[in-house]
Amino acid sequence: MIGEQLKLRQQVVATATVYFKRFYARNSLKCIDPLLLAPTTVFLASKVEEFGVISNSRLISTMGNVIKNKFSYAYSQEFPYRTNHILECEFYLLEHLDCCLIVYQPYRPLLTLIQDVGPDDQLLMLAWRIINDSLRTDVCLLYPPYQIAIGCLQIACVILQKDLKSWFAELNADMEKIQEIARYIINLYELWKKYDEKNEMPAILAKMPKPKAAPQR
């Protein structure tokens, strides 16, 4: 949502998402308010992916607009953090990532796979969107990018009813791992069918640390 408002490249959004997940894979939600970590990961990823530095004022105003316009059902107050909070959080994030900032994403392997299959824009676009959806699961922490690309391509083939079984059979890949990835993503889609975000998120967020009011400048 932040990336969409800031018109960021998908690579930046994906890298920020991986940073976010890596941090909370090793730290409690009590460690840093996710409402602060989210824009911090975007701020850092935009530099690592050479998108260009996002101005702090623009980032903060965008967060305020997103909360007000998209998540007012969950947050009754305005975005409470300022530039100094994001800069401090960035150093903390860098420390916990051990400065391992290069993230390899499944998009490039997907392009290579599509070239091998044969030009198919419809298949490429759907598999690309499935990779985007996969970022809402933990597959980016558990499997290498090329396996995720194959898993997403396989799901896209099923949806579009494209028979590429012989092509998949010739791949030098662990198909058990590919099936695990596909199950993760399919389970996500099944969850979405019955998940009511507006009714369920407030209760979940109520269990998280409340953001402290930003000091007046």
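A: UniProt, in an unreviewed entry, places the feature "domain: Cyclin-like" at residues 1–95 and 108–187. Such positions are given in the numbering used here, feature names are shortened, and annotations may be inferred rather than shown by experiment. The model is predicted: local features need pLDDT of at least 70, side-chain atom pairs count only at pLDDT 80 or more, and totals for chains, interfaces and linings use all residues. Residues are numbered from 1 along each chain as its sequence is written, and side-chain values use heavy atoms, with hydrogens and water left out.

Start with the whole. The protein chain has 12 helices and 0 strands. Helices (H or I, at least four residues) and strands (E, at least two) are DSSP runs, numbered from the N terminus. The radius of gyration is 19 Å, close to the 17 Å that the globule rule gives for 217 residues, so the chain is as compact as a globular protein of that length. That radius is taken over C-alpha atoms, and the rule is 2.2 Å times the number of residues to the power 0.38. Of the 217 residues, 44% count as buried. Buried means under 20% relative accessible area, exposed over 50%, and partly exposed in between (1.4 Å probe, protein chains only).

Now the annotated spans. Residues 1–95 are 68% helix and 0% strand, with end C-alpha atoms 26 Å apart. Residues 108–187 are 76% helix and 0% strand, with their end C-alpha atoms 25 Å apart.

Next, the helix itself. Helix α11 covers residues 175–194, and Tyr184 is found there. Ile185 is in helix α11 too. These two residues fall on either side of a cut-off. Tyr184 is partly exposed at 35% relative accessible area. Ile185 is buried at 0%.

Ile185 faces several partners. Beyond its neighbours within four places in sequence, Ile185 is in contact with Ile130, Ser134, Cys152 and Ile155. Contact means heavy atoms within 4.5 Å. Lys47 is another matter: its C-alpha atom is 29 Å from that of Ile185, and the two are 138 residues apart along the chain.

Tyr184 belongs to the surface. With Leu141 and Leu142, Tyr184 forms a nonpolar patch of about 260 Å² of accessible area together. Patch residues have over 30% relative accessible area and no salt bridge; like charges are joined within 9 Å, nonpolar side chains (Val, Leu, Ile, Met, Phe, Trp, Tyr) within 5 Å. Areas come from the Shrake-Rupley method with a 1.4 Å probe; for residues, only the protein chains shown count as cover.

Side chains of opposite charge can pair when their charged atoms come close. Glu190 makes a salt bridge with Lys193, the closest N and O atoms being 3.3 Å apart. The rule asks for a side-chain nitrogen of Lys or Arg within 4 Å of a carboxyl oxygen of Asp or Glu. Both residues lie in α11, 3 residues apart, about one turn of the helix. Glu190 is partly exposed at 40%, and Lys193 is exposed at 65%.

The model has 5 salt bridges by this rule. Asp120 and Lys162 form one of them, at 3.1 Å, N to O. Asp120 sits in the loop between α6 and α7 (121–134) and Lys162 in the loop between α9 and α10, so the pair ties together parts 42 residues apart in sequence. Asp120 is buried at 17%, while Lys162 is partly exposed at 28%.
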